[in-house]
Amino acid sequence: MSLSRSPSPNKGGGWSSPGLTTNFDNLSGRSTPRKGYGEIQMNGAVSGNDVSWTTAKARSDRVNGYPSFETRHDGFFTRHARQMSRGLPSFVRGGEKEKLGRGRWYSSNDSKTMRFLGFLGRSMWRMRLRLLVLLSCILALVVFYVTPMHRVYRRASLLGGGSKFVIILAANQGGGVMEWKGPREWAIERDSVKNKKKYAKKWGYNLEIVDMSTKKRYAHEWRESWEKVDTIRNCMRKYPHAQWFWWLDLNTFVMEPSYSLQKQVFNDLAGNTYRDINIYNPLHITHPINNSQLDATSLSAVGDGKPSSIDLIIPQDCAGFNLGSFFIRRSTWTDRLLDIWWDPVGYEQKHMEWEHKEQDALEHLYINQPWIRSHTAFIPQRKINSFPMGACGENGEDKRIHYKEADRDFVVNMAGCEWGRDCWGEMYNFRELSNKLNRTPWEKFKDGISDRVKAMKKKPERNEGKS
């Protein structure tokens with residue numbers, strides 16, 4: 001006898017799961033079925049003999065499904081949580097727990113300071129992104145100026161442009177043939193070189209310290225103090241990418257190291273210089289030259305009027321051109337000028353008449369060569385070459401020439417101090433003045449306290465002297 005389904009494993013039929021055993025298994029098609037899945041009584045309850053489908057399904061879910069998470073309350077911290085919480089400080093104001101403010105922190109001391117700190121903390125939290133950006137900017141500035149990054153920036157030709165400038169310092173470190181150098185001369189040289197090194201390092205400029213001891217350039221002559229022209233030409237070869245060369249005598253001192261050459265002169269070259277020598281003409285040179293055979297540029301008092309055509313920048317003192325501090329630009333015109341300026345033929349013919357040597361030679365070329373005037377510009381004396389009162393002081397103070405502390409002049413030149421003046425004394429005084437004027441706020445604060453203490457000590461001494 002074949003079965004339509006597998007027989008029940010239980011004795012007498014039926015299945016182990018009550019929900020799979022129905023009341024229709026032993027019935028014929030003519031009999032009336034019994035009430036299935038439990039006898040429903042009048043009060044709606046299910047008889048205890050049968051198990052409903054819902055109850056079987058619930059039991060199956062409990063066995064085969066995933067059990068829900070229920071704490072057993074058997075851990076150490078769970079058993080002792082109440083005892084441990086009793087020992088913690090209470091942050092609830094007034095001894096009662098605020099239902100709406102649960103989890104908030106309240107101070108037992110409701111003072112103005114605590115309220116202010118709370119307000120400050122909330123404000124900082126709201127502005128946290130802005131504060132983060134601000135702190136990042138401050139950190140970037142500190143890193144920029146503490147590390148050598150600012151020097152790299154100032155020196156780069158595409159950024160600060162410091163590599164385009166060369167400072168040529170005329171130093172006689174080995175001593176000259178005219179006289180031996182004493183302690184004061186060595187002290188002047190030491191301070192001057194240190195000053196130029198510090199300034200060049202700050203702004204990323206090239207510094208060339210030249211030994212100006214006498215050189216026998218030709219077999220038949222000694223050209224003492226004429227090496228300036230030849231030195232400039234050698235520096236142009238040494239620094240092929242530089243554009244401007246700034247010559248400085250040894251007796252000069254940079255009073256304001258915070259001034260860059262770009263800001264002081266070259267950012268506004270047309271405004272800081274003048275082409276017409278008649279604006280200040282101590283040599284009484286006739287300008288422009290009256291000659292109908294010259295072109296329009298040579299006949300003009302200002303040349304072509306373009307700053308790009310300026311190749312030589314010279315200050316003038318009470319006696320004429322002053323080459324203690326001047327600028328010269330690399331160009332074809334400059335190469336031609338240096339060749340003629342250094343020409344030994346002109347030196348042989350005029351060196352007995354030219355008291356100031358190469359300076360008088362340049363004045364002679366400016367007067368007699370029209371092509372030099374169109375590329376030469378003049379700069380006010382105090383822009384790059386202020387004098388102390390001892391120089392050009394025969395007629396008293398001249399506002400165009402002499403140094404002014406209130407105006408914070410850029411460079412001072414102790415010109416002619418070796419002729420009857422104290423070079424070391426002037427250098428020392430200007431060095432101390434520069435240090436005083438360029439103090440940091442912290443240094444000013446310390447000096448102010450020191451001055452007050454000294455003043456307090458002097459008062460008892462005065463009182464004792466009077467008594």
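**Charged side chains and their partners**

Modeller: Happy to! Asp 407 counts as partly exposed, because its relative accessibility is 48%; the cut-offs are under 20% relative accessible area for buried, over 50% for exposed and partly exposed in between, with a 1.4 Å probe and protein chains only. Before going on, a word on the source: this is a predicted model, where local features need pLDDT of at least 70 and side-chain atom pairs count only at pLDDT 80 or more, while totals for chains, interfaces and linings use all residues. Residues are numbered from 1 along each chain as its sequence is written, and side-chain values use heavy atoms, with hydrogens and water left out.

Back to Asp 407, whose side chain meets that of Arg 382 in a salt bridge, 2.7 Å from N to O. This pair links distant parts of the chain, 25 residues apart: Arg 382 sits in helix H16 (381–384), and Asp 407 in the loop between H16 and strand S9 (411–413). Helices (H or I, at least four residues) and strands (E, at least two) are DSSP runs, numbered from the N terminus.

The structure holds 17 salt bridges, a salt bridge being a side-chain nitrogen of Lys or Arg within 4 Å of a carboxyl oxygen of Asp or Glu. Another one joins Asp 230 to Arg 233, with the closest N and O atoms 3.6 Å apart. These two are separated by about one helical turn, because they are 3 residues apart in helix H8 (residues 227–238). Both Asp 230 and Arg 233 are buried.

Next comes Arg 431, which forms a salt bridge with Glu 432 at 3.0 Å between the closest N and O atoms. Glu 432 is partly exposed, as its relative accessibility is 33%. Salt bridges with shared partners join Asp 191, Arg 431 and Glu 432 into one network. Asp 191 belongs to helix H7 and counts as buried because its relative accessibility is 9%. Its side chain makes a polar contact of 2.9 Å with the side chain of Arg 431. For a polar contact, a pair of N or O atoms must lie within 3.5 Å; within protein, one must be able to donate a hydrogen and the other to accept it, and residues adjacent in sequence count only if both atoms are side-chain atoms.

Helix H7 (residues 183–203) also holds Arg 190. Together with Lys 194, Lys 198 and Lys 202, Arg 190 forms a patch of positive charge on the surface. Patch residues have over 30% relative accessible area and no salt bridge, with like charges joined within 9 Å and nonpolar side chains (Val, Leu, Ile, Met, Phe, Trp, Tyr) within 5 Å.

Asp 317 is buried yet lacks a salt bridge, and the nearest side chain of opposite charge, Arg 421, is 10 Å away. The side chain of Asp 317 does make a polar contact with that of Asn 322, at 2.9 Å.

Methods: Areas by Shrake-Rupley, 256 points an atom, 1.4 Å probe, with all protein chains shown as cover. Lys, Arg positive; Asp, Glu negative; His and termini not counted. Charge placed at Lys NZ, Arg CZ, Asp CG, Glu CD.
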